[in-house]
Amino acid sequence: MFFAAQRFPPPQFTETKHQLPVMTEPAVRSLGLERLDIAVLVVVLVLAAWLALRLRSRRGLVWLGIFSVVYFGFWRKGCICSIGSIQNIAQGIFDSNYAVPVTALAFGLLPLAAALLFGRVFCSAVCPHGALQDLVLLKPVKVPEWLEHGLRLLAYVYLGLAVVFAATGGGYIICQYDPFITIFRLSGSALMVSLGIGLLVLGVFVGRPYCRFLCPYGALLGMFSTLSKWRVRIAPENCTQCRLCEQSCPFNSINKASVDAPATEHAIATDKRRLAIFILLLPVLVGVGVWFGGFAGKNFARKHRVVNLAERVHLEETGAVKDTTDASAAFRATGEPLEKLFADADAVRRRFVVAGRWCGVWVGLVIGLKLISLAIRRKRTDYEADQSRCVACARCFRYCPEELKRLGLPVPEVPPQS
Amino acid sequence: MKAMLHQVALALTIASATFLLAVGGLLVFNQTRGKVNGLVTSRERVTLIEQLHKRPKDDALKQRIRALDLQLRRQTFTQLRLSSNGARAMIGALVVLLASAHFVRVANRATPNPLAWGARHADQDRRTGLIARYAVSSLFGVLVATALFLGIQPVRLPERVAPVVEAPLTVAEWEQNWPAFRGPWAAGISKTPVKLKQLWKVEAPLPGMSSPVIWSNALFLSGADEKEERVFRFDTDTGKLVWSSPVKVATPPAGPPKLNEDTGHAAPTPVTDGRRVYAIFANGDVAAFDFNGKQVWARNIGQLENAYGYASSLTLWQNRLLIQLDLGQEGDGKSKMLALDTRTGKDVWQTPRPTGGSWASPIVAMVEDKPQLITCGDPFILAYDPVNGAELWRANGLSSDLAPSPILASNLVIALKVNADVIAIRPNGKGDVTKTHVAWTTTDGAPDVPSPVAVGNRLYLLSGGGLLRCCDVATGKELWAHDFGEEFYSSPTLVGNTLVMISRKGVLFATEAGEKYKDATKLPLGEAYNSSPAFRGARMYLRGKNNLFCFGE
């Protein structure tokens, strides 16, 4: 309660007998509506899978995306969303006093289950964040592939941080820094509104910037979809390597067929040596991550309200600041001993250091495995959707002459293979 | 037809984009304007409110603030409405923009031509892989640098030390001792009778009008003159001076306080919680000493501007040292209640008081199992929550030159309007209870310095001129009166069933606290006397002008 404050200062003249309105809290969404949300999620997930994998309909996915933006975004005000539900689940695992709401659990697990079966169909047209960005993509610009490899790792780092903060009670950073929630709610801080609009404007040219480079849930879905039973295929049957689809994906999610080139023995030896170095480097990166994660954890703790309050009170006690904040004044008025506050804050800080180390392990692993993956030479015969990256938007289908033939549409003249 | 549709879509795209930019710009302007002069951020409003704290009775200023407040509220809520409507309009325009732009885009889409992209080479993939590895490594470097940057600015908390376990003060131990002016609840009652046999007498090292306080076998006394301020601990059994510690304040006041000789530099009685003893002096120095005489903290709380010199005694509740600072004149905004942390001396809370200078002491009393800090000032009797300083109730009716402290008797707060009214208030009200909770008022004259004492249904009032009156607590009706013919500053105390009163000349009067006056036993101390006695068990401790006495067995 030290942290509650009036949004607007109440009138200060008591003699006017102004009756302050009773403080209210937003009404809790009814159980019936919550169940409806879960049912809608299931239906839309199944529909998205059917449209992407079976019907292969881009138009259907666009309309489904519009529905999701309206229903999950504007009507449900974007909450609870699957992206944020990671935090509920993380807190539920690490905090024995917290029970994860069924809706959060459903929104967190159902899309992951869908990804195991059908790939990232959730991203295609169910997630309002993804659908909104998909709709604003008007003039796609290709992000260089090397940059794509690097930037996509940010989402994994964000995932690690989100789990750290949720598990330690430091807050739900995904929700606090959700760029699109302000758009769905038509209100928010100037910073977050600017961030949301900025990402949408960027999304006009760079396809789904949040989904690709920041979304922690997208990172999870990507990992799950590599194991998917059914997956999006660019060509309905056989790929003719016509290259027509090569530039069709605005998200750099098409793995091109390998260019045949004889590898020299020297090149093969170099590749093997590089791979060995990166494998040996993995524990080093993890070790570095542990150290620096724990180091940064001392700062992360500041996000926790108890630590934040304790630090402020300590500054006041040492005379580093002269005034008090609402929170510190409210704390002092309770008469709670300072020692207890500092002891509590210290315990939280130590928890953050430990969590920071685990986050460092995660980051080290992600970077190390990515380097190993980049050092492995793969041979592909067909143009195919990347299982981890592909968001099943169905843009590439109509570029494939085999698909046009399947639909009985005129096929443009196919240029010879390069 | 298709060309026309294309043209319409293009026009719609341009129009909706222009609309979006225009509304967006307007909203940014609206937001910026709100930031500069909003309800929460208006500098003018803050400045005016600060001025009002200094001039709380300036009605013109109040009107100005009201007008500004209303204007800012209207402005703020208009801006909020504008933002909300603007955002909705932008969403509408965005829908039109996206629909029309997609139409234009689809119409303009050309068949891809791989020939134009050129042939693919194995080197390209190899080079992409190489640069990607650099990119990933660079990202790791950036992350490490960020972690380093964050880690060198860690959370700043005090060094971890073994927590000092200090048991919270309990009501039982508070009541077992005589920790404050007139005893644990400032009621002036000691249940054990005392024999008037002198056990010891020792010299008080420094002058002071303050009374002794006792915790276990430790008796504390404060004393001061123009040169020094000290706190003393005596052994209650032998009268031996255990320690004498000077008050050392980091920033001493500029000069000596203006005060009346009758008041002196050490009129307020110290208070102890069994962990430390706390004392305040006329120049605003407040200090805490542990039971070994080591100064734990000391600070000066500012000039105590008071016509006769500062005299209100200290009291405490849990870990809050409570100081009634009635200073200056009524309405000049100088008075306040101040609560300090007993362990550190830091402010816990302070609440402005609408009172002028007074000399009464605050009391903490339990009302319906909740503590109330009850104070008397000119012109209000005010009760606060001692935990956070929130005002609980107030009643109008007192006047200036106020010295007697209130008491709680038979669930009534008894307050004295000097030389005029005795007022009894039911302390279970809220806000201004002047018209609703005053149980009775008598106008037969109230004491000017000594505080009252009550037992059962009898209230005893001893005036400075020596008139002792016994009244009915429930009605205020006088039952009997007796004039001792001497002057009194010391408050009467009920010891067992005996009323003990000590005149300024140093004559102790002891009479039965009964339905009728009975002749009092007299005992001359041999020196002037102004403080109030302290008790523990069957012993009584008196501070005369020069000596400390112990009576009992």
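In the hairpin formed by strand 26 and strand 27 (residues 478-483) of chain B, five residues lie between the strands, and B:Gly476 adopts a positive phi near 85°. The model is a predicted one, in which local features need pLDDT of at least 70 and side-chain atom pairs count only at pLDDT 80 or more, whereas totals for chains, interfaces and linings use all residues. Residues are numbered from 1 along each chain as its sequence is written, while chains are lettered from A and ligands numbered from 1 in the order in which they are written.

Strand 26 and strand 27 of chain B pair in the antiparallel sense over five bridges, where pairing requires that DSSP finds at least two bridges between the strands, and B:Arg469 is found opposite B:Ala481 of strand 27. Strands here are DSSP runs of E with at least two residues, and helices are runs of H or I with at least four, both numbered from the N terminus.

Strand 26 (residues 467-472) of chain B also pairs with strand 25 (residues 458-462) of chain B, in the antiparallel sense and over five bridges, with B:Asp472 as the bridge partner of B:Arg458. Four residues lie between the strands of this hairpin, in which B:Gly466 has a positive phi near 100°.

## The side of chain B that touches chain A

In the contact between the chains, 55 residues of chain B meet 55 residues of chain A, a contact being counted if the C-beta atoms, placed from the backbone, lie within 7 Å. Helix 5 of chain B supplies the largest share of the chain B side, 18 residues.

Technical notes. Contact = placed C-beta atoms within 7 Å.
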